Amino acid sequence: MIYLELFLSFAMIGFTSFGGMSMIPLINDQMLSHGWMTATEVADIVAIAEMTPGPLGLNCSTFAGSRTAGLPGALCASIGVLLPSFSICMIVAVFLKKFRENRRVEHALCGIRPVCIGMIAAIIVQQSCVNYRSSFNGISWVWTLIGAMALLALLKFKWSVPGTILLSAALGLLLGRFA
């Protein structure tokens, strides 16, 4: 039964999101509503999915399915999240030329883009509330400092993502006891 629930949950996520970061609020909602994970565990899975190669949604579904129901759960969740994209791509490929010249589709996409930006902003706020809190329900200045240093390394000093991840991990190991 859990395999079917995982498949259906991630198929719904695949059908109702636009991929990437826009999937995170939906994954978070499904994991919490079914009681499969806590908000902290979802944040950890998102962090791991971001660090591993491949699409974020697929990585999240694989890790979440594995955490929930082992290898069969990972397969069910992964197939569920991929099925909508695969189906839609096959249908769109058939009608690609007609869609490309349709002004209504162009207008719809102009409306979809701001929604995606809003969803990304919402998940940034939501994940920040989980990731930058101390065990005393206040803001952890250590985690906030590490996040700010990572942002500075990426934007100002043009560090690579793997280098920034290593910097953040080292700082977390060194300063984590003060959080």
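I shall speak about the core, the salt bridge, a surface patch and one further residue.

This is a predicted model, in which local features need pLDDT of at least 70 and side-chain atom pairs count only at pLDDT 80 or more, while totals for chains, interfaces and linings use all residues. Residues are numbered from 1 along each chain as its sequence is written, and side-chain values use heavy atoms, with hydrogens and water left out.

Let me begin with the core. A nonpolar core is a set of buried Ala, Val, Leu, Ile, Met, Phe, Trp, Tyr and Cys residues joined through side-chain atoms within 4.5 Å; buried means under 20% relative accessible area, exposed over 50%, and partly exposed in between (1.4 Å probe, protein chains only). The largest such core has 20 residues, and Phe10, Ile27, Met31, Met37 and Cys60 touch the most other members. Two or more residues come from each of α1 (2-16), α2 (24-33), α3 and α4, and α4 gives the most, with six. Helices here are DSSP runs of H or I, at least four residues long, numbered from the N terminus. Setting aside residues up to four places away in sequence, Cys60 touches Ile27, Ile45, Val46 and Ala49, where contact means heavy atoms within 4.5 Å.

How many salt bridges does a search of the whole structure find? The search finds one, a salt bridge being a side-chain nitrogen of Lys or Arg within 4 Å of a carboxyl oxygen of Asp or Glu. The side chains of Arg67 and Glu41 form this bridge, at 2.4 Å from N to O. The pair links distant parts of the chain, 26 residues apart: Arg67 belongs to helix α4 (residues 56-94) and Glu41 to helix α3 (residues 39-51). Arg67 is partly exposed, at 43% relative accessible area, and Glu41 is partly exposed at 23%.

Ile91, Val94, Phe95 and Phe99 make a nonpolar patch of about 400 Å². Patch residues have over 30% relative accessible area and no salt bridge, with like charges joined within 9 Å and nonpolar side chains (Val, Leu, Ile, Met, Phe, Trp, Tyr) within 5 Å; areas come from the Shrake-Rupley method with a 1.4 Å probe, and for residues only the protein chains shown count as cover. Phe99, in helix α5 (residues 96-100), is partly exposed at 34%.

Finally, Ala179 lies in the segment after α8 (161-175). Apart from neighbours within four places in sequence, Ala179 is in contact with Ser140, Val142 and Trp143.
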